[in-house]
Amino acid sequence: MWHLLYPMRTFLIVSGQENEINVMAADWLTYLSTKPPIIGVSIHPAHYTHGLIKKYKEFVISVPTINMLRDVLIAGRKSGSEKLKKMSVTFIPSKKVKTPSIKEATANIECKVIEEKSYGNYAFFAAEIVNFVQNEEAFKNNQPDVKLGFMAHLAPGTNKFVVFDDKIYEIPTREL
């Protein structure tokens, strides 16, 4: 039944520090609060990323575009630190956390964990956003430029993705 919630945006979750870094693809993200800015991500406890987030209490959400599809698939399908050798991402220092950001991403959101809770077979990490860096061209007027290929996972368990069309639908609310 999970396919009913898709297509869903895909992000890269960077975890760890120094010689202990990992990247995984994740669709299950949500924002929880605007003041303070809090976001949540669900991660299975068997994933290496889960252990690194538990250990360091922080992570970075990197926003990929379709030109990073190969890296997204590697991050989502491969396990362990060996996958980093197959990926073509460049790690750069983050501003407020020790976990690195990804240079090629259109945005990097730096997060510090404030709570972890188990729900069924997944762990949910709630984290405060402590900083973010964005490609200004990709987010003009605080809106994503959909022509840049922001991607969404078509269905869980597949390697199929879609990008957003540049046709935008808008109805003035005063007409409602």
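How exposed is W2, in terms of relative accessible area? The residue is partly exposed, at 47%, a class that lies between buried (under 20% relative accessible area) and exposed (over 50%), computed with a 1.4 Å probe on protein chains only.

The structure is a predicted model, in which local features need pLDDT of at least 70, side-chain atom pairs count only at pLDDT 80 or more, and totals for chains, interfaces and linings use all residues. Residues are numbered from 1 along each chain as its sequence is written, and side-chain values use heavy atoms, with hydrogens and water left out.

Across the whole structure, a search finds 4 aromatic pairs. Rings of Phe, Tyr and Trp (its six-membered ring) pair if their centres lie within 6.5 Å; planes under 30 degrees apart count as stacked, over 60 as edge-to-face and the rest as tilted. One of these pairs joins W2 to W28 in a tilted arrangement, with 5.8 Å from centre to centre and 45° between the planes. W2 sits in the segment before β1 (8-9) and W28 in the loop between β3 (20-26) and β4 (29-34), 26 residues apart; strands are DSSP runs (E, at least two residues), numbered from the N terminus.

W28 is likewise partly exposed, at 32%. Its ring also forms a tilted pair with Y122, at 4.8 Å centre to centre and 45° between the planes. Because Y122 belongs to strand β10 (residues 122-134), this pair ties together parts 94 residues apart in sequence. Y122 is partly exposed too, at 25%. Together, ring pairs link W2, W28 and Y122 into a cluster.

Conventions. Helix = DSSP H or I, 4+ residues; strand = E, 2+ residues; numbered from the N terminus.
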